[in-house]
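Please keep the structure open while reading this note. The points are numbered and can be checked one at a time.

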Amino acid sequence: MKTFKIGGVHPAENKLSASSPIREAALPKQAVFSMFQHIGAPAKPVVKKGDEVKVGTLLAEAGGFVSAPIHSSVSGKVSKVDVALDASGTRRMAVYVDVEGDEWEESIDRSPALVKLSDRPELDSKAIVEKIKNAGIVGMGGATFPCHVKLSPPPGSKAECVIINAVECEPYLTADHRLMLEHPEEILVGLQLIMKAVGVSKGYIGIENNKPDAIALMTEKAKNYAGIEVVPLKVKYPQGGEKQLIDAVISRQVPAPPAIPISVGAVVQNVGTAFAIYQAVMKNKPLIDRIITVTGKSVKQPSNLLARLGTPFQQLMDECGGLPEDTGKIIGGGPMMGKALLSLDVPMTKGSSGLLIMNDKETRRAEPQPCIRCAKCVSACPMGLEPYLLSKLSATADWEGAEKNDVVSCIECGSCQFTCPSHRPLLDMIRLGKTTVMGIIRSRAAK
Ligand code: SF4
Ligand code: SF4
């Protein structure tokens with residue numbers, strides 16, 4: 001069975017919510033929409049205090065080409081445009097809406113009927129990308145890169161295939177798995193739309209073989225969609241990394257930055273993004289909700305919730321039995337690449353794939369010991385880096401050395417730290433090095 005060639009680890013899967021069907025979360029009393037829900041320029045509010053909005057009303061326009069607009073996920077009245085605490089732990093500009101009823105913009109088609117590509121022959125590549133851009137679709141796997149940018153390949157590059165990332169290799173997370181089981185055809189039409197947008201006739205869906213039901217269902221449904229192939233993959237973390245997925249599915253290796261997937265002819269989109277694209281293009285529905293896994297060993301009811309953007313995490317937690325008494329750490333995302341949250345008083349955003357509660361026992365970190373030069377971190381690194389060295393260079397602020405040793409290629413997967421028998425905080429140090437070196441590179445380019 002296929003997988004990527006370099007490095008990788010096998011953390012315990014803990015997919016506690018895999019058999020929990022998606023259920024709709026209750027509407028919040030107040031929804032808070034951060035202007036920083038995507039990579040790139042923040043969105044710019046176009047509403048003011050007192051404005052009435054419906055579900056789907058534009059709240060903020062894109063702040064540039066690499067940016068995305070933000071739409072209201074609720075109906076009601078704008079109560080303020082002010083700063084709010086977000087998942088990064090910073091107070092940043094946001095639009096607050098006090099919820100009244102649940103009135104949707106009439107242009108949104110809320111019927112469950114499947115709209116096929118053949119039903120909309122007038123849609124050409126330009127029209128598809130425009131609709132995706134206007135709907136505020138971003139990478140739903142957590143990367144939050146504005147989708148229309150990826151679907152507009154730079155001059156000189158040519159897409160040859162689209163790969164749907166349905167790997168969900170992060171332990172605990174099951175939102176993508178449930179989406180495939182409950183909305184397979186919408187995902188397939190979404191993939192067709194992406195293929196048409198970038199002008200290719202070949203599409204792949206990469207799924208790890210710990211989801212045999214999703215592989216079987218998607219394979220069966222894909223028989224009716226020309227050029228689409230489901231590729232079962234051997235379970236290995238971090239197969240959901242773009243470069244690792246491309247290697248696993250089509251055996252092509254993306255060179256070091258500035259090369260990107262399109263450099264080897266691939267366009268990669270998350271399975272949740274394909275679903276959102278279907279809804280945006282075929283149902284006129286902007287990105288106003290998403291599926292989020294709320295889980296943890298001590299969580300009473302690990303769940304996959306369809307929740308409106310802007311809903312406070314606290315409310316989602318309450319819907320799954322409340323915050324457990326033995327909570328040690330709250331994580332936005334999965335345990336390997338997710339970020340610790342300071343509080344549950346933070347609104348859900350476009351990139352919120354998971355809310356993971358780790359108990360005291362799980363979060364207890366062993367005391368770091370000296371490096372024993374076992375090279376396990378080197379064997380585990382999927383990018384072929386030398387994590388022990390990068391960590392040391394960061395610790396000694398040797399930024400020139402860190403750049404020479406390619407710290408910017410680190411995908412922050414945490415495989416090195418996971419595998420280190422001396423419990424060294426490798427990822428923390430390497431992240432510091434990567435951020436600093438990227439800043440140095442940017443200021444050099446600006447001169
Ligand atoms: S976090 Fe970076 S250095 Fe560590 S294994 Fe992943 S890619 Fe390699
Ligand atoms: S895995 Fe840990 S102990 Fe082994 S070489 Fe890497 S940093 Fe050192």
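1. Which residue in S14 does glutamate 24 stand opposite? Glutamate 24 stands opposite leucine 306. S1 and strand S14 (residues 303–308) run parallel and are joined by two bridges. Strands here are DSSP runs of E with at least two residues, helices are runs of H or I with at least four, and both are numbered from the N terminus. Two strands pair if DSSP finds at least two bridges between them.

2. On the source: this is a predicted model, in which local features need pLDDT of at least 70, side-chain atom pairs count only at pLDDT 80 or more, and totals for chains, interfaces and linings use all residues. Residues are numbered from 1 along each chain as its sequence is written, while chains are lettered from A and ligands numbered from 1 in the order in which they are written.

3. S1 and S14 belong to an open sheet of six strands, with mixed pairing and the order S1-S14-S13-S17-S15-S16. Strand S1 (23–24) and strand S16 (339–340) are at the edges with a single partner strand each, so one side of each has no neighbour in the sheet.

4. The domain assignment, which is automatic or taken from a database, divides the chain into domain 1 (26–99), domain 2 (117–283), domain 3 (291–299 + 308–363) and domain 4 (376–446). Between the C-alpha centres of domain 1 and domain 4 there are 35 Å.

5. Strand S7 (residues 76–85) has antiparallel pairings. Strand S4 (residues 52–53) pairs with S7 over two bridges, and valine 53 has glycine 76 as its bridge partner. Nine bridges join S7 to strand S8 (residues 91–99), where lysine 77 stands opposite aspartate 98. S7 and S8 make a hairpin with five residues between them, and glycine 89 in the turn has a positive phi of about 85 degrees.

6. How many of the five residues of strand S9 (residues 161–165) are buried? Five of five are buried, the cut-off being 20 or more other C-beta atoms within 10 Å of a residue's own, with C-beta atoms placed from the backbone. Cys161, Ile163 and Asn165 lie on one side and Val162 and Ile164 on the other. In a regular strand the side chains alternate between the two faces of the sheet.

7. S9 has parallel partners. S9 pairs with strand S12 (residues 266–270) over five bridges, with asparagine 165 opposite asparagine 270. S9 also pairs with S10 over four bridges, and isoleucine 163 has tyrosine 204 as its bridge partner there.

8. Glycine 203 is in strand S10 (residues 203–208). Glycine 203 counts as buried because 24 C-beta neighbours lie inside 10 Å. Leaving out residues up to four places away in sequence, the contacts of glycine 203 (C-beta atoms, placed from the backbone, within 7 Å) include Cys161, Leu191 and Gly227.

9. Ligand 1 is surrounded by 16 residues, the closest being Cys381, Cys410, Cys413, Ser415 and Cys416; a residue is near a ligand if its C-beta atom, placed from the backbone, lies within 6 Å of it. Helix H13 (415–419) and helix H14 (426–446) are the elements giving two or more residues to this shell, and H14 gives the most, with three.

10. Around ligand 2 there are 13 residues, of which Cys371, Cys374, Cys377, Tyr388 and Cys420 come nearest.

Definitions and conventions: A residue is buried if 20 or more other C-beta atoms lie within 10 Å of its own, exposed if 12 or fewer, and partly exposed in between; C-beta atoms are placed from the backbone. Two residues are in contact if their C-beta atoms, placed from the backbone, lie within 7 Å.
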